[in-house]
Amino acid sequence: MPSKEKPEPGLFDNVPDGNNTAVAADAMQDISQASADNGDPATRTTVDGMYELYYLDYASYVILERAVPTINDGFKPVQRRILHALRQMEDGRFHKVANVIGQTMQYHPHGDAAIGDAMVNLGQKELLVETQGNWGDSRTGDRAAAARYIEARLSKFALEVLFNPDTTEWQLSYDGRKKEPVQLPVKFPMVLAQGVEGIAVGLATKIMPHNFIELLQASINYLKGRQPNLLPDFPNGGMMDAGNYNGGLKGGKVRVRAHIDVVDKKMLSIRSVPYGVTTSSLIDSIVKANDNGKIKIKKVEDQTAAAVEINVHLAPAVSPDVTIDALYAFTECEVSISPNSCVIVDNKPAFLSVNDILKHSTDQTVSLLKRELEILLAELAERWHFSSLERIFIEKRIYRRIEECETWEAVISTIDDGLEPYKAQLHREVTRDDIIKLTEIKIKRISRFDAKKADEVILNIEDEMADTQENLDNLTEYAIGYFQALINRYGKGRERKTEIRTFDTIAVSQVAAANRKLYVNRKDGFIGYGLKKDELVGECSDLDDIIVFRRDCRYLVTRVSDKAFVGKDIVHVAVWKKGDERMVYNLLYFDAASAKTYAKRFAVTSITRDREYDHSTGAKGSRVLYLTANPNSESEVVTIALDANSRARIKNFDYDFAELAIKGRSSRGNTISKYRVRKVVQKSIGASTLGGIDLYLDESIGRLNSEERGRHLGSFEGEDKIIAFYNDGSYELSGFEFTQRFDCAAILLIKKFDPEDVLSAIHYDGGNRCFYVKRFRIEALSSGKRYTFISEHKNSRLLFITDSADPVVQFSFAARRGQAKQTMQLGLADFIGVKGWRAIGNKLGNYSSVSGIKQMHIDEGEGN
């Protein structure tokens with residue numbers, strides 16, 4: 001047994017540089033030997049000792065040789081060996097993947113299945129490997145065809161940035177028969193472009209893929225002294241909220257959503273899948289959510305071909321906007337990805353942010369470019385040296401002096417003596433090898449020697465040397481040019497696919513489908529969706545909370561269930577929404593302790609679930625006399641009848657709750673009477689005490705809110721509507737529910753609807769190719785339906801719209817194509833009168849183009 005004072009060995013303390021593939025095999029061999037010698041106490045090895053020695057060796061082997069990529073080239077060993085094998089096989093043509101796997105097995109000490117899976121993974125990323133055949137589809141989860149049916153070769157990009165034998169460090173393969181690179185001299189942040197996942201022993205890595213162009217541009221910016229700020233870009237596209245990315249380090253989070261379009265009121269179309277999700281798993285999650293009652297749909301159709309297309313048919317009377325939120329809340333239409341950026345640095349795992357990895361990669365690229373330039377400069381110097389020697393050797397006819405030499409040494413000595421007068425012209429000493437190379441020049445070359453051409457060759461070499469030296473002297477500018485050249489050559493078609501958004505937080509209880517019916521047994525005190533023989537309260541979902549008020553002045557909030565006992569003599573029961581300040585309860589109750597009747601108005605915005613609260617002092621005999629729930633804080637007038645035997649002079653009187661301030665649920669309320677109340681009857685309903693709701697549009701997420709985020713739309717109450725005008729020349733009337741969403745990128749004007757407003761618009765008619773001005777009032781008023789008020793030609797579009805009473809606009813125009821644009825101002829109210837909403841309007845002018853429309857002044861209205 002090891003002593004307690006003996007320090008524990010570090011996981012990577014004894015890991016040798018280079019090839020570690022024999023570590024696990026040696027460990028297993030030692031274990032077998034220990035088992036064979038188990039009978040001899042002198043050679044016996046205890047289990048804890050074996051664990052200490054061999055498990056750590058195995059863990060380090062898995063981390064270094066299997067799961068985690070190195071920071072220098074961004075590859076795991078199997079990927080590096082595949083690419084090296086492809087480079088050895090490179091002849092410009094495609095190779096059977098089965099053949100590539102066989103070649104890779106010369107370097108990789110594992111089975112063909114692991115190599116094949118790794119190669120398919122490389123091929124599907126479409127960066128380093130060009131593919132031919134059925135390589136599967138990461139979007140649908142379809143597997144690639146068998147290795148004997150598919151082919152591959154290195155891409156031009158891979159050939160340019162991955163390989164250079166002169167700057168590569170080599171080692172022997174696992175069996176000592178072949179040489180393989182320790183790391184490839186990669187001049188690109190490969191691990192960030194491709195992304196990587198790996199699970200080792202006690203360690204894992206997950207690096208998100210990033211955009212090709214953005215990585216190169218970030219490297220350029222870093223060389224210019226700016227700090228990089230990288231965000232992921234997923235090959236599946238979709239939308240992403242990377243506000244908590246945390247540089248790709250552990251603890252960060254990226255939310256990814258699918259694109260969902262509203263085709264019509266009856267169908268949604270999913271146009272992309274989140275990273276790591278397939279169309280099959282996405283459909284399964286939608287079906288499961290429907291089966292669990294979280295959403296209501298009729299069917300799901302997978303129409304995916306070249307592009308993802310999953311059509312979701314909605315059940316009747318189901319809101320598309322609410323269903324979209326529910327799909328994000330309950331299905332794989334939204335996933336949360338937690339990065340964990342870990343790479344191998346100096347033969348040890350290190351947790352670095354993606355920005356730090358990019359900096360390291362950029363610095364390494366600059367270093368490799370410097371080494372390549374230095375090697376090129378040395379090669380040019382050698383070419384210049386030998387070209388100069390050759391010119392002297394032939395021009396000065398030194399080759400004739402060796403005709404009389406009888407020994408090899410005499411030949412070497414004679415040539416060396418002949419070169420002696422010209423050695424000062426050379427840049428380095430003449431070696432024996434140089435002289436031997438001169439003796440190898442063929443007579444044919446000597447006879448055809450052209451001194452002028454030889455001088456041109458030397459001058460060209462000198463020009464190349466000067467250019468190379470200039471690049472070395474301006475290495476940073478040279479590296480920037482290198483990165484820019486990669487963008488120019490390979491950047492086409494590699495633009496960002498994932499849209500960066502800020503997502504709203506979806507309250508799952510608000511978007512869950514009302515898949516249950518809530519019942520109550522008031523007398524016995526039971527509520528739940530299983531009491532189908534009792535009184536129906538309304539619809540609810542599995543995630544809803546229910547608020548219950550009892551006659552004894554006590555109330556509580558509990559989660560909906562099949563059947564739950566909440567106390568006898570229930571006065572009021574309903575679905576409770578947390579944070580709803582507009583739901584106000586008007587209450588009259590008798591407090592037994594003081595023998596008085598109190599009135600109070602309160603809201604229950606937050607509460608501890610399943611805990612009972614009391615309006616009164618808790619004295620036995622306290623009871624609720626009157627209670628109403630008012631969704632928009634409505635007041636009311638009630639008639640109160642006192643006991644006929646009371647000594648009060650006025651035994652019947654009216655009480656207006658509007659005179660009572662809305663306070664917290666724990667307030668006692670105002671005293672109504674010290675006499676016993678016999679009956680309370682509602683006389684009339686009043687207006688909302690809190691008034692209208694001030695609504696704002698958060699244009700970053702396209703959602704309404706009352707927290708003053710975004711653009712103020714106005715104060716809304718009752719039957720008020722919102723109207724939105726879109727760039728396709730249509731408008732839509734809608735309510736002001738928080739669950740609806742707006743496509744702010746397509747909206748030119750959104751406001752509170754006023755039927756008396758006069759709208760002024762400038763539009764382009766695609767049919768007759770002219771620009772028009774029209775002024776009109778809204779006439780079609782059906783909510784939720786789009787009305788087009790310009791030509792329905794596919795090229796028609798709305799350029800400008802405002803609700804100002806007397807708008808003046810400035811715009812630029814050109815009468816003919818190619819002519820310089822002119823600027824003019826126009827008062828729209830003077831240009832045209834108010835006409836019907838279907839009218840085409842007055843022609844703006846004979847212009848070939850109109851642009852830069854802006855309103856010069858805005859009176860009481862607002863414009864786009």
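This is a predicted model: local features need pLDDT of at least 70, side-chain atom pairs count only at pLDDT 80 or more; totals for chains, interfaces and linings use all residues.

Student: What angle do H11 and H15 pack at, and how far apart are their axes?

Tutor: The angle is about 160°, and the axes are 9 Å apart. H11 covers residues 354-395, and H15 covers residues 451-473.

Student: Is the crossing of H11 and H15 left-handed or right-handed?

Tutor: Left-handed. As for who's in that contact, there are 13 nonpolar, 8 charged and 5 polar residues.

Student: Okay, another helix pair. How do H3 and H4 pack?

Tutor: H3 (residues 77-89) and H4 (residues 97-104) pack at about 110°, with axes 9 Å apart. That makes H3 roughly perpendicular to H4.

Student: Which residues meet there?

Tutor: From H3 you have Arg81, Ile82, Ala85, Leu86 and Met89, and from H4 Asn99, Val100, Gln103 and Thr104. By class, that contact splits into 5 nonpolar, 3 polar and 1 charged.

Student: Switching to strands: what's the order in the open sheet of 3 strands?

Tutor: E35-E34-E36, with antiparallel pairing. The edge strands are E35 (703-705) and E36 (711-716), each pairing on one side only. On average, neighbouring strands of this sheet are turned by 30° against each other, ignoring direction.

Student: How many bridges join E34 to E36?

Tutor: 5, with E34 spanning residues 693-698.

Notes: Residues are numbered from 1 along each chain as its sequence is written. Side-chain values use heavy atoms; hydrogens and water are left out. Axes are lines fitted to C-alpha atoms, for helices over the stretch in contact, and angles run from 0 to 180 degrees between N-to-C directions. Helices (H or I, at least four residues) and strands (E, at least two) are DSSP runs, numbered from the N terminus. A crossing is left-handed if the near helix is turned anticlockwise from the far one by less than a right angle, and right-handed if clockwise. Ala, Val, Leu, Ile, Met, Phe, Trp, Tyr, Cys and Pro count as nonpolar, Asp, Glu, Lys and Arg as charged, and the others, Gly among them, as polar. Two strands pair if DSSP finds at least two bridges between them. Angles under 35 degrees count as roughly parallel, over 145 as roughly antiparallel, 65 to 115 as roughly perpendicular and the rest as oblique. Contact means heavy atoms within 4.5 Å.
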